[in-house]
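Hi,

Here is the structure I promised to pass on. Have a look, and my notes follow below.

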Amino acid sequence: MAILLKSLQLIDSEKIHPAQDYLIKDGEVISVDYRKIDFEIESIDCKGLFGSKGWIDLRCMMGEPGLEYKETIESLGEVLASSGFTKAVIMPNTLPTLQSKNEIRYVKAKSSTLFTELIIQAAATRDSKGEDFTEILDINNEGVFVFGDGVSPLSNPDRLMKILHYLQKFDGVLFDHSYDPLLAMFGQMHEGYVSTRVGMKGIPNISEDIAIQRNIEILRYTGGKLHIQTISSSKSVELIRIAKKEGLNITADVSIYQLIFSDSDLDSFDSNLKVMPPFRSTADRKALVDGLIDGTIDAIVSNHQPQDFDSKHMEFDLASFGMIGLQTFLPAMVKLADELTWPLLIKKITQGPAFVLKLKNSKGMGLTIFDPKEKWVFDQQSNLSLSRNTPWFGKELMGKVKYSFNGSQFKRF
């Protein structure tokens, strides 16, 4: 059955289009010619709703296999779909790590019926420890083209250089969360005025800046494609901006909550605000915004990292890093809409990620429809994740996904 969307405002990377009627037929969004409708349709009133191509998340985590108490493939699929995402890159940091044909086949089989397509980022080094290589070419034969160590940085320059060489054999892309773990050792939050005042060991900007500068030089030497994830410092933005102007094949993304919070929000010692990279200064946040506007930063990601209750419900310096970020993604965009505009935000979760992943079939991108003004409470009843590590739990949020299309599949929420 075809679906008629009445009075929908579509958003693309250029503008918010005036409300008009659209038809979903055979998985495609087409303009309506009522004279040619001679088939059964379902009509949906979309007055006041926005729509765009299906959203793509370049960085989210699940627990299965091995850590199912944090997030299963099924629960991740449910929360991704309800949050508007039609495609998502999952990190390899499971137990065992996603690093061989067996794990890849397991995840593909288990996720084959999900509404959201999972794109696997396979580990580039064994157990994501940054030393021994995985069977990269063997894994690529399973259809995997994204490699990286997920939450672990590739801090060994020799390994990063050789992986970039390997990936050029099949036009793969290396994802890296670039920072120097030795410079960040024992750090709990951004190194600055707040960390000094509260007496907490800081993670300096230089831990990220040096790693990104080194990785850019290696990319310049090896060639290949490098995508740097969750950048957080003003210097990082400038380094990537210069590298792009020089023509290097480099892209970058930023966590959406990095655009909402700063280190000054850690006065409460809420362990749900303990993330990696840490929330930086307001000046760094401004640089990230500028980087999104001028195209230096290609995408915004959820950086969804579920953690169990025990790993977060403890002293700040002992708590695990990470925050869930899928169901709160749209409410976060609502908070940023005045500053960044809806066309730019939509570009950073559709066109930008598609460019990073080299996805060319725009017809297969799906459609996400949402109400930017609907209010709802994020609590135990509405939470679809198996984890609840977020500072927004129990609070009223604004912005709700209403409908989503992905190929022949249709969901209403």
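**The sheet and a helix on it**

Eight strands make up an open sheet, ordered β6-β7-β8-β9-β10-β13-β14-β15, with parallel pairing (strands are DSSP E runs of at least two residues and helices H or I runs of at least four, numbered from the N terminus; two strands pair if DSSP finds at least two bridges between them). The edges are β6 (55-60) and β15 (299-301); each has a single partner strand, so one side of each lacks a neighbour in the sheet. Three bridges join β14 (residues 250-255) to β15 in the parallel sense, and Ser255 has Val301 as its bridge partner in β15.

Helix α4 (residues 157-167) packs on this sheet and touches β9 (146-147), β10 (173-176) and β13 (226-228), where contact means heavy atoms within 4.5 Å. Its buried residues (under 20% relative accessible area, 1.4 Å probe, protein chains only) are Arg159, Leu160, Ile163, Leu164 and Leu167. They span an arc of only 135° around the axis, which puts them on the same side of α4 (the arc is taken from the directions from helix axis to C-beta atoms). Among the elements covering them are α3 (136-140), β9, β10, α6 and β13. At the N-terminal end, Asn156 caps α4, with a side-chain oxygen 3.0 Å from the backbone nitrogen of Asp158.

Before you use any of this: the model is predicted, so local features need pLDDT of at least 70 and side-chain atom pairs pLDDT 80 or more, while totals for chains, interfaces and linings use all residues. Residues are numbered from 1 along each chain as its sequence is written, and side-chain values use heavy atoms, leaving out hydrogens and water.

Best wishes

Methods:
Axes fitted to C-alpha atoms, helices over the stretch in contact; angles between N-to-C directions. Buried < 20%, exposed > 50% of the residue type's maximum accessible area, 1.4 Å probe, protein only. Polar contact = N/O pair within 3.5 Å; in protein donor to acceptor, adjacent residues only side chain to side chain.
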